[in-house]
Amino acid sequence: MASIGQGVDRVDGRLKVTGRARYAAEFPISDLVHAVLVQSTIGAGTIAAVDMGAAQAMPGVLAIITPDNAPKLAMKGGAQQAVRAPLLQDNAVHFNGQHVAVVVAQTLVQANAAASQVRIRYRRDEPVTSMDAALAQAYPPKNFRNGERPPDSRRGDPDTAFDGAAAKVDVTYITPIEHHNPMEPHATIARWDGDRLTVWTATQGISGAQQSLAGLFGIAPQDVHIVCPFVGGGFGCKGNTWPPATLAAMAAKVVGRPVKLAVTRAQMFTSNGYRPRTVQKLRFAADDQGRLVSMRHDGFSQMSQPVLGEFSEPVGLATEMLYACPNVAVSHRLVATNASLPTYMRAPGLASGNFALESAIDELAVALKMDPLEFRLRNYAEQEPHQNKPFASKALRACYQQGAEAFGWSRRSAEPRSMRDGSVLIGWGMATSTYPTHRMPASAYVRLGADNSALVRVGTQDLGTGTYTVMSQIAANTLGVPVERIRFELGDSAFPHAPVSGGSMTVASVGPAVKAACEAARAKLQRDGGEVAEASVDVKPGEEEHRYAMHAFGAQFVEVRVDAELGEIRVSRFVGAFDAGRVMNAKTARSQLIGGIVYGLGMALLEETHVDGETGRIVNANIAEYLVPVNADVPDIQTIIVPNDELVSNPLGAKGIGELPMVGVAAAVANAVYNATGVRVRKVPIRIEDVLV
Ligand code: MOS
């Protein structure tokens with residue numbers, strides 16, 4: 001009966017492969033009409049006039065909503081959490097591609113045709129398109145990590161320690177704008193029934209969407225019903241309630257009919273955030289024994305205009321806690337540009353920050369002539385060095401050992417260009433991964449039958465990560481019944497509250513609620529007898545998060561093959577070993593691990609959003625020119641799950657597995673490229689032209 005940990009097949013797999021899983025754009029709502037976004041063609045300025053004449057007269061057109069005639073939004077309560085602008089509330093244009101009008105028509109074809117005929121006259125300002133040119137105007141974030149901590153931290157005296165050290169690196173790393181590009185673009189169907197709003201939308205957080213839309217439209221949260229049973233991937237870009245969902249609801253109100261607004265692939269580049277470009281300055285130093293004596297990590301990340309909100313990429317988080325170094329300083333600054341608002345993208349902060357951190361650690365190992373794995377082991381943090389707390393658990397040493405063993409790391413030649421296969425240079429690199437273990441309050445409802453069947457409901461989400469399956473396993477395990485006896489339902493704001501599916505925290509947050517509700521229902525049935533017992537419970541994290549530092553860990557090992565004449569870089573082998581705590585499902589976990597590593601390979605070698613310097617327009621807003629890894633780019637990936645039975649972090653011992661596997665991949669690849677070629681590339685993606693020097 002015990003199914004936790006086993007590779008149970010996805011309970012929703014059949015629905016998905018037969019096309020019966022219904023995504024936001026696919027709900028058959030009667031009387032439905034279609035909305036299309038019109039986007040700005042300038043990078044900064046104001047709208048002087050909108051000429052809708054020709055468009056208004058076109059067949060099927062029901063409304064053209066512009067800043068001149070758009071309903072005013074209430075912007076109350078939960079709207080503070082929403083992305084407030086740009087929502088057609090004023091004439092300002094803050095970035096190229098900003099939504100400046102919405103056309104509603106009977107059919108999608110009619111709406112698109114009319115949208116192409118809306119003529120907008122602008123008063124143009126000069127856009128700031130380059131973060132690097134505006135670095136001198138960097139400013140500290142106002143609300144770093146939601147105000148939980150200041151943007152800067154320091155322990156010891158890193159500058160004095162640096163000056164007197166035996167080995168030093170003083171380097172700048174750069175990461176580009178990246179876009180999430182889940183398979184399913186954003187889509188929303190909105191319908192008003194009087195003052196009640198129903199929204200079918202692709203979201204990582206139905207509770208957040210409910211709160212945000214209620215605040216924006218000035219109605220009670222219970223009058224907003226969010227429905228989202230399936231999500232075709234998110235990676236962070238469906239975490240906020242972005243303008244298209246709000247504009248769909250606004251359009252439905254204007255025309256008095258249900259409205260569908262499906263964002264196009266191109267609009268995915270300007271409608272729902274991105275991983276901001278970062279410039280990171282690192283000064284690391286070690287003594288002649290290979291002990292880190294100084295680490296300084298100053299991070300700058302790209303922002304939109306501040307009026308649109310705030311997001312800072314927390315690149316220094318791992319630098320604070322990963323190594324036992326007595327003198328450490330990190331800082332975070334923002335650089336405003338005429339771009340849309342950035343947001344979290346798979347492993348926010350850690351993905352970008354760890355590329356710089358784990359590359360610079362490799363550089364220091366090279367300077368010391370020390371094996372980079374040995375260097376990391378010499379600086380292993382037995383307890384969390386920044387807060388001086390014990391780790392709830394840390395099996396990183398086992399990750400290093402098992403990963404190195406599986407990869408054959410001991411056979412590595414440290415000398416660049418020394419491993420060859422004919423004209424191909426071979427390089428081996430490694431890096432550490434880490435991601436914090438988060439948990440938030442969650443609730444669950446269970447109806448347990450005397451026949452051992454159970455209905456479990458939580459207002460959580462399944463992004464394709466396996467929530468349906470894993471929660472069914474947790475319920476089945478708790479009740480001691482086969483998984484087939486569980487019916488787990490999610491994706492409806494009428495169900496008990498759960499947090500956003502982000503920060504790798506769904507199992508740690510929702511799992512304990514499901515477990516507790518199942519226990520409560522079983523106790524009731526045993527006590528009272530009868531055919532059925534119901535239970536609803538709320539659970540929240542306890543004292544443990546104050547007493548312990550909670551993090552997942554991993555070790556990434558990669559082999560690259562670089563053509564000595566052509567500079568072409570191929571990844572030929574990959575081993576990742578991970579301590580993600582207790583694993584709920586070996587099969588979905590392996591999928592997450594492989595998926596994260598592939599995401600990391602994209603960051604290392606392919607992904608980059610290009611912005612035109614004149615206009616601020618994104619020039620590769622499509623997945624032909626925004627490159628992501630395809631099967632031919634991905635080698636055999638070996639994933640190792642290092643056992644860890646700790647139950648301190650949360651009642652299930654799950655430390656989070658969604659973001660961990662992508663952290664460190666880019667650094668491992670860059671370190672392997674150095675080992676192959678002798679060229680240290682301090683930016684991603686690493687391209688042919690970077691190694692042909
Ligand atoms: Mo994840 S970037 O926290 O959705």
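Analyst: Of the 18 residues that line the second largest pocket, Tyr468, Arg487, Phe488, Glu489 and Leu490 lie nearest its centre. Please keep in mind that this is a predicted model, in which local features need pLDDT of at least 70 and side-chain atom pairs count only at pLDDT 80 or more, while totals for chains, interfaces and linings use all residues. Residues are numbered from 1 along each chain as its sequence is written, and side-chain values use heavy atoms, with hydrogens and water left out.

A pocket here is an open set of points on a 1 Å grid over the protein atoms alone, with protein on both sides within 12 Å along at least five of seven lines; lining residues have an atom within 4 Å of a point. The volume of the second largest pocket is about 380 Å³, taken as the space filled by probe spheres set on the points, which are joined across faces, edges and corners. Helix H11 (467–479) and strand S20 (486–489) each give at least two residues to this lining, and S20 provides the largest share, with four residues. Helices (H or I, at least four residues) and strands (E, at least two) are DSSP runs, numbered from the N terminus.

The largest cavity, with a volume of about 140 Å³, has 17 lining residues, and Asn338, Ala339, Ser340, Val611 and Gly616 lie nearest its centre.

Glu363 counts as buried because its relative accessibility is 10%; buried means under 20% relative accessible area, exposed over 50% and partly exposed in between, with a 1.4 Å probe and protein chains only. Its side chain makes a polar contact of 2.7 Å with that of Arg682. Such a contact is a pair of N or O atoms within 3.5 Å; within protein, one must be able to donate a hydrogen and the other to accept it, and residues adjacent in sequence count only if both atoms are side-chain atoms. Beyond neighbours within four places in sequence, Glu363 is in contact (heavy atoms within 4.5 Å) with Val169, Val171, Tyr173, Arg680 and Arg682.

Definitions and conventions. 1 Å grid on protein atoms, 1.4 Å probe; cavity = no way out; pocket = protein on both sides within 12 Å on 5 of 7 lines; lining within 4 Å.
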